[in-house]
Structures are given as structure tokens and as C-alpha cells.
Amino acid sequence: MNTSDMKIHPETAAIHAGQIPDPTTGAIMTPIYQTSTYVQAGPGKHKGYEYSRTQNPTRSALEGNLAALEGAKFGLCFASGCGASTAVMLTYSAGDHFVVCDDVYGGTRRLFTRVLNKCGFEFTFVDMTKIENIEKAIKPNTKLIWIETPTNPTLKLIDIEAVTKLAKKKNLKTLVDNTFMSPYLQSPLQLGADIVLHSTTKYIGGHSDVVGGFIGTSDEAIYQAVKFNQNSLGAVPAPMDCFLTMRGAKTLPVRMKQHSLNAMEIAKFLEKHPQVEKVIYPGLPSHPQYELAKRQMKDSGGMITFIAKGGLEKSRKVLEKVRIFACAESLGGVESLIEHPAIMTHASVPAEVKAELGIADGLIRISVGIENIEDLKADLEQALR
Ligand SMILES: *Cc1c(COP(=O)(O)O)cnc(C)c1O
């Protein structure tokens, strides 16, 4: 059962890639190697494992699995998505400049503007739905273009292929935060990106029980530099966390299909609802970039944003009245979540930036789970009423 030299589809890779039955016992599941160190036959005579910050077999299995799902030659896992972002960014130096999409994940914006700014890094945030905005932002010291698509919470799409073409022309690298789509629905490396990043906390883990991050690349130099930081910075995931994430990843394809089916139904239901002003979902023809969604994404995913009529008061009521949807931050789990970006996930974003990004007071974001669709619709119906 070693699939490393076979051409396999994502549904098979999710279950088998990177995982070889335990050679000593035949255990089909990769053991949780809960160990900090490894016995050596003599100084320097080891089996490829010396110390668990540097390497751990449970982590190696997960890294191989996720790399296969992204079509990457190399994969590296981290203690969180933010840990992964830090490890990539610290491969750069003081004086380097980065072009970042304007509604990048709030924690990424905070990391860039309130932590990495202290390292002498320079950032320009632009609306990347227009490629000329990126072109205008590029400076002689620009090193990397940081894309997140769909964006959060307004679900704007960025044309990955168009951006990577521009980047190559300018001799720049491109990173795509693929958390919202998961490796099953969008393949940034195949569209020309150099680095793909995940908060595995979301769809890859998929069960809201573990926090983690991932970096995938097929560029050996980038891999070596990020691997050096993985070991040097030390934001590595625990073996148990790797096990849980790998267990989650096995069902990623079936979950993503159901998330997309359910979300499509809910998006249509909301679009027709008299208490709803506007629905944003890449699977709806009303999405301004519907054509790009069709071209770039295998399906539309589980995230929907909508604006309830009646502003802050009404949207607050909806979040208090739901019974199956849970009012919580995060996304991508099997259970449906509902949140209010202006008050919750994007509370740290300055008011003027919120206004610029279109994060209105009545704006609600939902992460559609894989429960029964009729139950989900009934829950939203009673809450909106
Ligand atoms: C959650 C998230 C992150 C950060 O990941 P953590 O695992 O919470 O550190 C980064 N990017 C996106 C798009 C996210 O949703």
C-alpha cells in the first residue's frame, strides 16, 4: 500500500498518500509517535529521526498526505496557520516589500502590520480583483504577492492564473492561502503559484477539534528555507494534532462535495428570502465573478455571506435565534456556524478599513456544515422570522 509512485485521484490520495502501514505491527493507521527523541545506534547513526521539533513520523505522514493533495513536491506542517505564515515570511529580510490582497484573513493582516512590520518588512494592501492594482503596487524591492481567494468575508475572487503570470514576468513569487477552498476544490500550484498555505484548522481537519497549518511547494529552494524555519522557529504541530488532522483529511473530498451542495441550496434559499437584502456566494450567477469561479474552482465551497434587512439589530437577533447553526468564529467544520464579522472575526479591523472592504453592520457569514439540508433551511427560516 505504498502509493508514492502511482498516479491516483484526490479521493484515493486523501486516504492513502503519505501513509504506509506500520512496518513493525501492520497497523493500518499511522501511529501517534508521542516521543521527543529517537535512539541512535551510535553518534549520528539514526533512522532519519533525531528530535521531534526537527522530524516526527506522524508529522511526516501528514506532510506527505497534504503535499499529495496539493500536487506539491514538498509539504511542511505547523502548529497553526499563523505559524505557517510566520515561517514563510521569515525567509525574507528587512527592506523586502510584499503586495497583499486587501481583505486578507484578519490574523494575517495583524501578523503583517503589527508583528512583521517590526522586522522592517513593508506591505501594500490592494484590491486584487483588478490586476492593474497589483501591477501599480509592485516596487523594486517587492518579493512576494500574497493572495487569498475567495476572500473573507466578502468572498471576492482573485484570478490566480492572471496574478502568477504577472508575477513571473516581474520575477516575483506568489503565495495562495487556499484555506477557504481546501486542496480538493482549488489547486493554486497547478495555476502557477509557488507556495500554497492552509490553516488546516478549517476544512482539512474538518471537525473543529484541532488547530494547524500547512505549506506546500514544488520549489526546492523555498522548501529548504521554510523547513529551516520550521525547525528554527519551532512552531511545529504535536503528533496527536497531526494524527487528528490526517484522520480529518481522509474524508476531505466527500465533505467538500456535501459542503458545496448544502451551501448552494442555502444560497438559493437566502437569495429568495424576503428578510435578506443580498447574498454573496461564488456558486450563484449573481456573484460578480461567477465566470472566474467556474474556471478556477472545482465547486463553490461552504462559505456564504449575506446581508439581513434591518442592519445590526436584525442580524444580532438572527445570531441569537439560530438553534442548529452555532454562533462561533472559525469555519470549515462538519457543523454549521454563523458569525457576525463586524463584531466577531473582524472586530480588530479598523472601522475605516471595514467600510472600505464592505463589511456592513448587517453582514452575516455562515460556514455551511454537512447536516441535513432541510434542517438547516428550517433553522435559518425560524431565525430570520
Ligand atoms: C484561520 C485562517 C488562518 C489562520 O490559521 P490559524 O490556524 O487560525 O492560525 C489563515 N488564513 C485563513 C484564510 C484562515 O481562515
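**View 1. Lys257 and its salt-bridge partner Glu11.** Lys257 is partly exposed, with a relative accessible area of 36% (buried means under 20%, exposed over 50% and partly exposed in between, with a 1.4 Å probe and protein chains only). Please keep in mind that this is a predicted model, where local features need pLDDT of at least 70 and side-chain atom pairs count only at pLDDT 80 or more, while totals for chains, interfaces and linings use all residues. Residues are numbered from 1 along each chain as its sequence is written, and side-chain values use heavy atoms, leaving out hydrogens and water. The side chain of Lys257 meets that of Glu11 in a salt bridge, 3.4 Å from N to O (a side-chain nitrogen of Lys or Arg within 4 Å of a carboxyl oxygen of Asp or Glu). Glu11 sits in helix α1 and Lys257 in helix α10 (residues 252–272), so the pair ties together parts that are 246 residues apart in sequence (helices are DSSP runs of H or I, at least four residues, and strands are runs of E, at least two, numbered from the N terminus). Glu11 is also partly exposed, at 31% relative accessibility.

**View 2. Lys377 with Glu265 and Glu374.** Here Lys377 is buried, with a relative accessible area of 17%. Its salt bridge to Glu265 spans 2.9 Å, N to O. Lys377 lies in helix α14 (residues 373–384) and Glu265 in helix α10, so this pair joins parts 112 residues apart in sequence. Glu265 is partly exposed at 33%. Lys377 also meets Glu374 in a salt bridge of 3.9 Å, N to O; being three residues apart in helix α14, the two are separated by about one helical turn.

**View 3. Where domain 1 meets domain 2.** The chain is divided into domain 1 (10–249) and domain 2 (252–384), with bounds from an automatic or database domain assignment. In this view, 38 residues of domain 1 are in contact with 39 residues of domain 2 (heavy atoms within 4.5 Å). About 3,200 Å² is buried between the domains, 62% of it from carbon and sulfur atoms (buried area is the accessible area, 1.4 Å probe, that two parts lose on being put together, summed over both). Leu157, Tyr184 and Tyr203 supply 24% of the area that domain 1 buries against domain 2, more than any other three residues.

**View 4. Asp159 and Arg295.** These side chains meet in a salt bridge of 3.5 Å, N to O. The count between domain 1 and domain 2 is two salt bridges.
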